[in-house]
Amino acid sequence: MREKLEQIKTLALEEIVKAQSMQELEQVRIKYLGKKGELTAVLRGMGGLSQEERPIVGQIANEVREAIENSLGSAVEGVKAIEKNARLAVETIDVTMPGKSQEIGHRHPLNVVLDEIKGIFMGMGFKIAEGPEVETVFYNFDALNAPQNHPSRDLSDTFYISEDILLRTQTSPVQVRTMERSKPPIRVISPGRCFRRDTPDATHSPMFHQIEGLVVDKNITMADLKGTLDLFAKQFFGVGTKTKFRPHYFPFTEPSAEVDVSCFKCQGAGCRVCKGSGWIEILGAGMVHPNVLKVCGIDPEVYSGFAFGMGLDRIAMLKHEIDDIRLFFENDMRFIKQF
Ligand code: PHE
């Protein structure tokens, strides 16, 4: 029986040393120490031993059990390390493998130009105002002093949603909305989409962008309008840029003007960009009509203001010499990535 116990011990310790995983260790434990294990079987057979032999064999059996238990215990750490290394080997990452390239987009040229324009006006203390693209006839026309027979009100020029709701044809309704909800001094620009019934071609798109400007305060004069736009032109097109104000008509400004800048490409000599004239028209502007101030609850005897509106698409086309407005809306990355 003693030999049998010694044999169990030797075999068990050998198997423990060979174990490569926690599962294998557990199998060794069950095989020798489990209820149906080999050591347990030997202990059960002790009944057949003599009185003298029993305690001696019992002691040896205990020592064997302890030896196996200790060996199992101290094997755990090693086996865990083996398991961890095996896992690491399987999960290794080859950092030299080429990665999956992520296609990322590009800022749209209109946003690039818009951010530049915003930056210039914010530097002059303007805030950004916003208004809805689906607008009422009241804000788009009536409040802006547009007479009932004004051609832009025509069904052929404007997308009507219903009799009194439309897609705004200009950003000027934001003037009215801004004056209604805030008191002077007011200094805002309002960029956004506008819509007109136009057949798309190189210079027309039924959807386009404007940037509206509005300043209302005491003692605002045409000189402030000229100074503001002249500074803008110099910052945006270059320090040598000159501005020219030509008399014009808008229902919501009086007096009104169209504003030209000297051609930034040829400095006024005449070239392809300015079509030989040396000047480029960039916006409409004027002093806010007293009727518009009144509609918004601002006393025209106390306050005055100026407004302007420029076409963002047109300005971006001029600056980057893009010859077709439709390119902005086709989302061709080969075009967009150039800016
Ligand atoms: N809303 C005018 C247009 O679309 C431009 C404009 C804005 C003119 C503000 C004067 C003042 O043509």
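Which residues does Met310 touch, not counting residues up to four places away in sequence? They are Ile117, Phe121, His209, Gln210, Ile211, Phe232, Ile282, Leu283 and Ile315, where contact means heavy atoms within 4.5 Å.

This is a predicted model, in which local features need pLDDT of at least 70, side-chain atom pairs count only at pLDDT 80 or more, and totals for chains, interfaces and linings use all residues. Residues are numbered from 1 along each chain as its sequence is written, and side-chain values use heavy atoms, with hydrogens and water left out.

**Domains and cores**

The domain assignment, which is automatic or from a database, gives domain 1 (2-90) and domain 2 (109-336). The C-alpha centres of domain 1 and domain 2 lie 90 Å apart.

Met310 belongs to the largest nonpolar core, which has 45 residues. Such a core is a set of buried Ala, Val, Leu, Ile, Met, Phe, Trp, Tyr and Cys residues joined through side-chain atoms within 4.5 Å. Ile117, Ile280, Ile282, Phe308 and Met310 have the most contacts inside this core. Among the elements that give two or more residues to it are α5 (109-123), β5 (207-217), α8 (222-237) and β8 (279-288); helices (H or I, at least four residues) and strands (E, at least two) are DSSP runs, numbered from the N terminus. Another core, of 21 residues, lies apart from it and includes Leu25, Ile60, Val64 and Val79.

**Two buried residues**

Buried means under 20% relative accessible area, exposed over 50%, and partly exposed in between (1.4 Å probe, protein chains only).

Leaving aside neighbours within four places in sequence, Thr228 is in contact with Phe121, Met124, Phe126 and Phe306. With residues up to four places away not counted, Ala285 touches Leu225, Leu229, Phe250, Thr253, Ser256, Ala257, Val259, Ala307 and Phe308. Ala285 and Ile325 are 40 residues apart along the chain, and their C-alpha atoms are separated by 23 Å.

**Helices α1 and α4**

Helix α1 (residues 2-18) packs against helix α4 (residues 53-91) at an angle of about 0 degrees, and their axes are 10 Å apart. The two helices are therefore roughly parallel to each other, a term for angles under 35 degrees. Among the residues that meet are Leu5, Ile8 and Leu13 in α1 and Ile60, Val64 and Ile68 in α4. The residues of this contact divide into 14 nonpolar, one polar and three charged; Ala, Val, Leu, Ile, Met, Phe, Trp, Tyr, Cys and Pro count as nonpolar, Asp, Glu, Lys and Arg as charged, and the others, Gly among them, as polar.

Note on methods
Axes fitted to C-alpha atoms, helices over the stretch in contact; angles between N-to-C directions. Parallel < 35°, antiparallel > 145°, perpendicular 65-115°, else oblique.
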